[in-house]
Amino acid sequence: AYDSGALVTALESEAFAEALGAQMAALGYAAAVGVVVSPAQEQAVPGGFEFRAGGLHLTACAPGFLISNASLDAQSCEECKPLSYSVNPTDGCDYSQTPPVCAARECSECPLGAVCFGGASFQSLVPLAEWEMREIDGYMVKRLLSCPAGYVLVRDETKPDLDQCTLCTGETYSVVPHRYPELFVTQVESASTLCKPCEPGAVCRGGDSVEATAGFWAWNAYAWLQNHTTAGQLSLSAAAAEAEGASLAAIEDLPRDRVLVYSCPRGACEAENRCADGREGVVCAACSPGYALSGTSCVVCRELGKGPTRRAVFATALVLFLALWYAVAWRPFVKYWGVDDEPVREDVEEGEQGCLRGVYGCSNVNLQL
């Protein structure tokens, strides 16, 4: 005869429950009292059942599922449907009981700033946005923490499904990240209040886009500081900052949430912070190597003789050349025609030897008149 009391004790033991669970798991099934469910329906993680209070209780599910164990004969892991998600299978359970009793319930609604394909799927619509985990009414949900430059953070503490990064549109921009709770709005209708109007001399196409037009130079103080800051400290010297057109003493006084637009020297700046040929630096004020300032233009060094200076040098050289040419080529002919200290002889008879002054001075010739 069997001892029924010993048999019940053995069946209720945790050792028997663990052994049974291991055998069922090896076969690819998870067991509940009176119910056998396939893995596709169950999706329970290994060891997801515990033997308590006279039966096997479902206590763990894979991410993206919610535990349903209010009834021992109908326990399951319910997968979240599209447009919803779950990060904790026991969200919404009654923790006043042991083990927690989890009735049928809905997963967390996907916020406007993300896309959810069901299960644990959660993808931010803005890749550089940051999310944090918060508990609301017994559910662990993702809340928007920061939005990158060009976006405004929208967050209402009581409405996690409305969290989103909304883009600055039209002739507005934003060049600083927005972070909760320092910089945010609670309604999307108020997002435009944190976007800056486009600056004169620039073109804005929404987001963080601020492009200087021809004749202007756009300078983003926030981006400059980010590129030259390490662990909160500026990573360049005062001399290096001056070389880049910035004074460290004036950095703290600059508005970091705006793009500063400066007027360039005439003809120096093209659109989108591009310098004309031969120019470089902030507002294209410096001449590139191999160029030098001539008037208001940067010209190639070998061409410095061009323009007014070259014309003056050419005119002077021409005058000197004409004077020299006159002295060498024409002066002797002028003397030959009688412009000399000695008078021309008129008493030379036929056959008389005389002195003829010409181009080569005085020559003895036999005058045959």
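## Disulfides, ring contacts and a surface patch

Leu322 is found in helix H7, which spans residues 308–336; helices (H or I, at least four residues) and strands (E, at least two) are DSSP runs numbered from the N terminus. The model is predicted, so local features need pLDDT of at least 70 and side-chain atom pairs count only at pLDDT 80 or more, while totals for chains, interfaces and linings use all residues. Residues are numbered from 1 along each chain as its sequence is written, and side-chain values use heavy atoms, with hydrogens and water left out.

At 43% relative accessibility, Leu322 counts as partly exposed. On this scale buried means under 20% relative accessible area, exposed over 50%, and partly exposed in between (1.4 Å probe, protein chains only).

A disulfide is counted when a pair of cysteine sulfur atoms lies within 2.5 Å. By this rule the count comes to 10 disulfides. The table lists some of them.

| Cysteine pair | S to S distance |
|---|---|
| Cys80 and Cys107 | 2.0 Å |
| Cys198 and Cys204 | 2.1 Å |
| Cys264 and Cys269 | 2.0 Å |

The link of Cys80 and Cys107 is left-handed, with -90 degrees about the S-S bond. Cys80 lies in the loop between strand S6 (76–79) and strand S7 (84–85), and Cys107 in the loop between S7 and strand S8 (108–109), so the pair ties together parts that are 27 residues apart in sequence. Cys80 is buried at 4% relative accessibility, and Cys107 is buried at 16%.

The link of Cys198 and Cys204 is right-handed, with 85 degrees about the S-S bond. Both Cys198 and Cys204 are buried.

For Cys264 and Cys269 the torsion about the S-S bond is about -85 degrees, so this disulfide is left-handed. Cys264 and Cys269 are both buried. Cys301, by contrast, is in no disulfide, and the nearest cysteine sulfur, that of Cys287, is 8.8 Å away. Cys301 is partly exposed, with a relative accessible area of 40%.

Rings of Phe, Tyr and Trp (its six-membered ring) pair if their centres lie within 6.5 Å; planes under 30 degrees apart count as stacked, over 60 as edge-to-face and the rest as tilted. The count by this rule is three aromatic pairs. One of them is the edge-to-face pair of Phe122 and Trp131, at 5.1 Å centre to centre and 85 degrees between the planes. Phe122 is buried, with a relative accessible area of 14%. Ring pairs link Phe122, Trp131 and Tyr85 into a cluster.

Another ring contact involves a charge: Arg155 lies over the face of Tyr180, at 3.8 Å from the ring centre. The criterion is NZ of Lys or CZ of Arg within 6 Å of the ring centre and within 35 degrees of the ring normal.

Ala15 lies in helix H2 (residues 14–27) and counts as exposed at 56% relative accessibility.
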